[in-house]
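This briefing covers one residue and its surroundings, then the overall fold, dimensions and surface.

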Amino acid sequence: MKQANKKKGLVYIHGKGGNSQECEHYATLFPDHDVLGVDYKSEMPWDVTKELNAFFQNLQKQYDSISIIANSIGAYFAMISLDAIAIENAFLIIV
């Protein structure tokens, strides 16, 4: 029996001063994923944690697997915020 293709999501989490549109750069690198960006509004880690958790909890309903690319402070926010979220792969850009 042929297994159905898994629906894969890849989320870009930007650094300070960045935005979700930067995710477009990664679309060609991950052609088998839906590449999305998340714009968090908060600057305090505990507030960003709430934003990211709400965003990823919704994504878990839509995708079979979720990976992330996180840049700079976005990588820090991802590491402290997403411990309860099943992340397939994490690509962290620390500069």
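Val 38 touches Val 11, Tyr 12, Ile 13, His 14, Ser 20, Leu 52 and Phe 55, leaving aside residues up to four places away in sequence; a contact means heavy atoms within 4.5 Å. The model is predicted, so local features need pLDDT of at least 70 and side-chain atom pairs count only at pLDDT 80 or more, while totals for chains, interfaces and linings use all residues. Residues are numbered from 1 along each chain as its sequence is written, and side-chain values use heavy atoms, without hydrogens and water.

**Val 38**
- Val 38 belongs to strand S2, residues 34-38.
- Val 38 counts as buried because its relative accessibility is 5% (buried means under 20% relative accessible area, with a 1.4 Å probe and protein chains only).
- Between the C-alpha atoms of Val 38 and Ala 86, which are 48 residues apart along the chain, the separation is 17 Å.

**Fold**
- The protein has two helices and four strands (DSSP runs, numbered from the N terminus: H or I of at least four residues for helices, E of at least two for strands).
- The order of elements from the N terminus is β-β-α-β-α-β.
- Of contacts between residues at least 6 apart in sequence, 62% join residues at least 24 apart.

**Dimensions and surface**
- Along the principal axes, the C-alpha atoms fill a box of roughly 50 × 25 × 20 Å.
- Of the 95 residues, 38% count as buried.

How values were computed
Buried means under 20% relative accessible area, exposed over 50%, partly exposed in between (1.4 Å probe, protein chains only).
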